[in-house]
Protein chains: 2
Amino acid sequence: MIVALAGGVGGAKLAEGLAALMGSDVTVIVNTADDFEHLGLPISPDLDTVMYTLGGIANPEAGWGVAGETWGFLEQVTRLGGPSWFRLGDRDLATHVLRSAALRAGARLTEITANLCHRLGIAARVLPMSDDAVRTIVHSAEGDLPFQEYFVGRKCEIPVTGFAFDGIEKARPTAEVENALRAPDLEAIIFCPSNPFVSIDPIISLPGVRQLIADAGVPVVAVSPIIDGAAVKGPAAKMMGELGLEPSPATVAAHYRGLVTGFVMDSADARLAPTVEALGMIVRLTGILMRDGSDRRRLARECIAFARSIGRPIGS
Amino acid sequence: MIVALAGGVGGAKLAEGLAALMGSDVTVIVNTADDFEHLGLPISPDLDTVMYTLGGIANPEAGWGVAGETWGFLEQVTRLGGPSWFRLGDRDLATHVLRSAALRAGARLTEITANLCHRLGIAARVLPMSDDAVRTIVHSAEGDLPFQEYFVGRKCEIPVTGFAFDGIEKARPTAEVENALRAPDLEAIIFCPSNPFVSIDPIISLPGVRQLIADAGVPVVAVSPIIDGAAVKGPAAKMMGELGLEPSPATVAAHYRGLVTGFVMDSADARLAPTVEALGMIVRLTGILMRDGSDRRRLARECIAFARSIGRPIGS
């Protein structure tokens, strides 16, 4: 059994690789602090990206949304004077409307996600990190912004000064998340190559989660979302610069210090391996860019093998 | 000033003719007893048909929905295991989602409708009959059915034994409806060729509306939805048969006895004119089938002229 922590695009890619190899033996715990309400509909961007990617219906170009999407709804909303800054596709909307109806009928986000995944033929278990609302707030020189307003509305253009996760103190990881991290047959925990500040941090900031990870007593492997000073996708590198940190895998590793035991980074960053090792982590250098399904499966296989190698007591 | 009472397709056609001739001098009061909630979204089929028709975006073949509609949402809902019996198009959905969000934000259906109509460039005033929920229940040998389940879900196949309008006692016509019927410059009230049982009856069954119509002191002209024993569209004729009534314009006229002063019916039904006149109504025979915009405007013009002719004291 493997548990993966994931945010959006990059995380979903590795999660898909893991799921392709291990099927129902993979549990993906997904960030929900990006969630927001739009046009009265609850939207879970990271959950949806993971679901669509694992379900094989993700738009391969955009990295978000559904393949073969159409835009009649958005065009008509615009014509009727509604907001068009968040691009809701017609097929994507089915997820949001069904989820909204189920939530209003009293179902938990965890159950709703399980049903949707079942319909999409996903064998791996996809778990929202919490059924409670947690909302990422972006601190900036222009004041505080809800995450989607920063991310989509302002296209990450505003320099950030920090982040807060509204509601995190009162939120709880679900019983399903706790059970996954406590599973007796858990082999490894993998932090997917997602944004450490806004994708992984909300998950590990939930009350009790750091302790659950530590108590699991299994290798914890993080995959760098940064290659050669740049993020593969998204604002991670840009955020590091704005926060006064060097955009590098070593910065990611330092961020996870004390929690992560193995660190996977790109061969292009080999010169930083000693820096990461100095943090007390075992380093695995490999190609971490995932261009296609074959890359995803290869990287997933390497991560599992790496975790297993860490799992063995030294000298055994 | 003209007030028209309308349900769905047939009513919308005549309303469009009236609006084309008189623009903002027309107020269309629309049945909302067909309204229901689907996938957590409030749907107002008759309001939407009237809006889309007056806005020039109605699907001319179907008689409902939006022209050039796409179905990505419905396809995906079906794939995800959601209900597909009610066909929500991608563009149509924009109306329902925006309306739902506005209702939840506390706006009245009347205000929301006015905003949507403004966006669609509709000069005529379109008023829901009430901001309160009224729901048509269809009585049948199989028991009671909510209207849309009967109409869409069961395709009107079940014989009806009667109708009830849930909530009608506590519902009120809006101030806008009352003001339209009390307007000092009101010239005529026109009952569009809509189903008398499930489109017009809910409107005139709202507390106070019959009295407002009577007190208006203007000609009240009804247009038959039945031509030569058949409804142009919808189950009106079928319902009449099941209720033990003859499917004919005379049955419609009898249904409106005491409220309507002038009755417009098709020349094909000329032999029934004496029967209708015996009810105390003045009859106008003409072609009432509306195949295109030109038919709509011609019939609208005839209705207005007919009403004005009734309006003059006899012998003047």
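This is a predicted model: local features need pLDDT of at least 70, side-chain atom pairs count only at pLDDT 80 or more; totals for chains, interfaces and linings use all residues.
Good morning. The largest nonpolar core has 112 residues, and those with the most contacts inside it are A:L14, A:L54, A:F73, B:L14, B:L54 and B:F73. As background, nonpolar side chains in soluble globular proteins tend to be buried together.

Setting aside neighbours within four places in sequence, A:F73 is in contact with A:L39, A:L88, A:D90 and A:L93 in chain A, and with B:D90, B:R91, B:L93, B:A94 and B:V97 in chain B.

That brings me to the relation between the chains. Chain A is superposed on chain B by a rotation of 180 degrees with 0.0 Å of shift along the axis, at an RMSD of 0.0 Å. The two copies are therefore related as by a two-fold rotation axis. Which C-alpha of chain A is nearest the axis? That of A:D90, at 3.0 Å from the axis. As for the interface, 100% of the interface residues of chain A are also interface residues in chain B, so the copies meet through the same surface.

I turn next to a helix pair in chain B. Helix α1(B), residues 9-22, packs against helix α2(B), residues 45-54, at an angle of about 35 degrees, and their axes are 9 Å apart. The crossing of α1(B) past α2(B) is right-handed. On the α1(B) side the contact involves B:V9, B:A12, B:K13, B:A15, B:E16 and B:A19; on the α2(B) side it involves B:T49, B:V50, B:T53 and B:L54. By class, the residues of this contact are six nonpolar, two polar and two charged. B:L54, which takes part in this contact, is also among the residues with the most contacts inside the core.

Two further positions deserve attention. Beyond its neighbours within four places in sequence, B:S199 is in contact with B:G7, B:G8, B:N31, B:D46 and B:S194.

Thank you for your attention.

Technical notes: Residues are numbered from 1 along each chain as its sequence is written. Chains are lettered from A and ligands numbered from 1 in the order in which they are written. Side-chain values use heavy atoms; hydrogens and water are left out. Axes are lines fitted to C-alpha atoms, for helices over the stretch in contact, and angles run from 0 to 180 degrees between N-to-C directions. Helices (H or I, at least four residues) and strands (E, at least two) are DSSP runs, numbered from the N terminus. A crossing is left-handed if the near helix is turned anticlockwise from the far one by less than a right angle, and right-handed if clockwise. Contact means heavy atoms within 4.5 Å. Ala, Val, Leu, Ile, Met, Phe, Trp, Tyr, Cys and Pro count as nonpolar, Asp, Glu, Lys and Arg as charged, and the others, Gly among them, as polar. A nonpolar core is a set of buried Ala, Val, Leu, Ile, Met, Phe, Trp, Tyr and Cys residues joined through side-chain atoms within 4.5 Å. Buried means under 20% relative accessible area, exposed over 50%, partly exposed in between (1.4 Å probe, protein chains only). Copies are superposed by least squares on the C-alpha atoms of residues with pLDDT of at least 70 in both.
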